[in-house]
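Here are my notes on this one, as promised. Have a look at the model first, then read on.

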Amino acid sequence: MQQRHTKKLALAISLVLSACTTTTRTSTTLAPQEFYGSSQPFTKEAVYFVMTDRFVDGDPSNNHPQQGGKYPTFGLPLSNESGDTAYVGYMGGDLQGVLNNAAYIKDMGFTAVWLTPILDNPDEAFSGGEPITFGGAFKDGGKTGYHGYWANNFYQMDEHLGSPGLDYKAYTQQMREKFGLKSVLDIVANHGTPSFDMPEDQAKFGELYDRDGKLVADHQNLPPEALDPAKPLHDFFHKFPDILQLSNLDESNAQVQDYLINSYLYWIEQGADAFRIDTIRHVPHAFWRLMSDRIRAKYPNFYMFGESFNYDANFIAQHTLAKNGAISVLDFPQQKAIVSVFENPDSDFAELEKVLYLTHGPYENPYELTTFYDNHDMPRMNASDEGFIDANNWLFTSRGIPVVYQGSELGFMRGKAEHQGNRNYLGQANIELAKQHPIHHALSRVANLRKNIPALQNGLQVNIELAGNKAAFYRVLVKEGVSQVALVMLNKGDTAAEFSVNKALQQGVWYRQSSDEQRNISDRQDTLNSSVGPHDVQVWLYKGEVTQEALLTELSALMRYK
């Protein structure tokens, strides 16, 4: 044993000495140190979020306007005294409507589309619970499953969404092959349908069916504490409530685990490229670790991000740790800061620096977070057109994977909460209006910049200045044959802003994107000066070896501590 160890040690020393000699002779052939945000391929994407039923009605034949009988499901308007209207019934949006507008989404600069759950939901409005009213919250009475989150069969697509020849698999294939768009599917694990408190038991409510259409669980309109452990149909559920009257699925039950995880694998087989996980914090980490291990055993690097609706970075970051499944999350702490900054013209860019967590932060990797300013579960951002433009300029140049909710490209229903119009039907007419809207124009410009510059997708972020109305930072990517430094300058003010950048500035030729302008930085000219117009963004790009010592030092630190 000792002799074998001595031989191995001698061989190792010989290889080291040989490598040192080779390095001395051929140092120019060594690969440069790599600098990048993440090894997760999905970081290059930009996501357009679609609430499927509320996007565009591409196929009126699947609307089922008479469905529901005495508990109708179509329309169902809620109004206030001012005549504002929100809806809690189906409105007609479907997969065909998304496909019809795939070129529109692609042209804006997005590379992936996130759909709300496509699963089968009950065919009636819910008769239990507290009745929902205009502007109300945490009440499900009178609502339908138009949003897709009330699944009664995790393997079956809802009849309102598909069309002849267009199931989910055909949809994902066409999105990918015709438009180069990936598909993000919204999944749920903690609950099914509203399941109790109905005057009389309603079909599909409280029920779960398997892939073959067999009933495998039924709440039978009983409150959780009345469920009988001796009855097999009750085994799928916890015996205590979680959210309103929603069934509380027992994730510790092996049958439930198989039911859910196998359904997720099924939808990956149908073309889902990534998952957004609803209400992730309502399910223990142990389930997500099991689910992640099983999915990634078959689909390595499969990207998932969860909704942990909490503004505490240390809390939501727990989901990103390898021991908890290595699932990324929506960046709620930054969302709060983004809204604060871009709704208020007198705000300070410095507020955003606090929530980036580029070093020594709680996240496994901050570059894998999905960044956003609003969605379907909160009030839409209540900013001016300029505020939306500034927010998008930040979202598509700073670290993370940008997500934009449908309609934000024209400030649709700005400031409105869920039952005040947040989820109102967008429709083809509004999409046509959006094409001429200044928010859409500016969004398309910056999103396509990101789409075409790898450094903006996955480069390390080195902050230069974030103060007042000005922000300047580098995004640096040196990986797999790409070597780029993007210098980003943002101005959220109403007048032009002057930038003078010399901190860690790489020597060489810098090219201003979307322009013919260029600057040669050298010993004699060591500062890049530029004027950025009001509510505008400039990106300067350097391509080549990174040699600037201060920049290399900063990048090495970021690689160690991200």
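**Notes on aromatic pairs, a helix and a sheet**

1. W510 has a relative accessible area of 0%, so it is buried (that is, under 20% relative accessible area with a 1.4 Å probe and protein chains only; over 50% is exposed, in between is partly exposed). Bear in mind that this is a predicted model, where local features need pLDDT of at least 70, side-chain atom pairs count only at pLDDT 80 or more, and totals for chains, interfaces and linings use all residues. Residues are numbered from 1 along each chain as its sequence is written, and side-chain values use heavy atoms, with hydrogens and water left out.

2. What about aromatic pairs? Rings of Phe, Tyr and Trp (its six-membered ring) pair if their centres lie within 6.5 Å; planes under 30 degrees apart are stacked, over 60 edge-to-face, the rest tilted. By this rule there are 32 aromatic pairs. F110 and F396 make an edge-to-face one, with 5.9 Å centre to centre and 75 degrees between the planes. The two sit 286 residues apart, F110 in the loop between α3 and β4, F396 in the loop between α10 and β16. Both F110 and F396 are buried.

3. Back to W510: its ring centre is 5.7 Å from that of Y542 and the planes are at 35 degrees, so this pair is tilted. W510 belongs to strand β21 and Y542 to strand β24, so the pair ties together parts 32 residues apart in sequence. Y542 is at 8% relative accessibility and therefore counts as buried.

4. Those strands (DSSP E runs of at least two residues, numbered from the N terminus) belong to an open sheet of 6 strands, in the order β17-β18-β19-β24-β21-β22, with antiparallel pairing. The edge strands β17 (460-467) and β22 (518-521) each pair on one side only. β21 and β24 pair over 2 bridges, where pairing takes at least two DSSP bridges. The bridge partner of Y511 in β24 is L541.

5. Buried residues in α5 include Y259, Y266 and W267. After α5 comes G271, with a positive phi near 120 degrees.

Methods: Helices (H or I, at least four residues) and strands (E, at least two) are DSSP runs, numbered from the N terminus.
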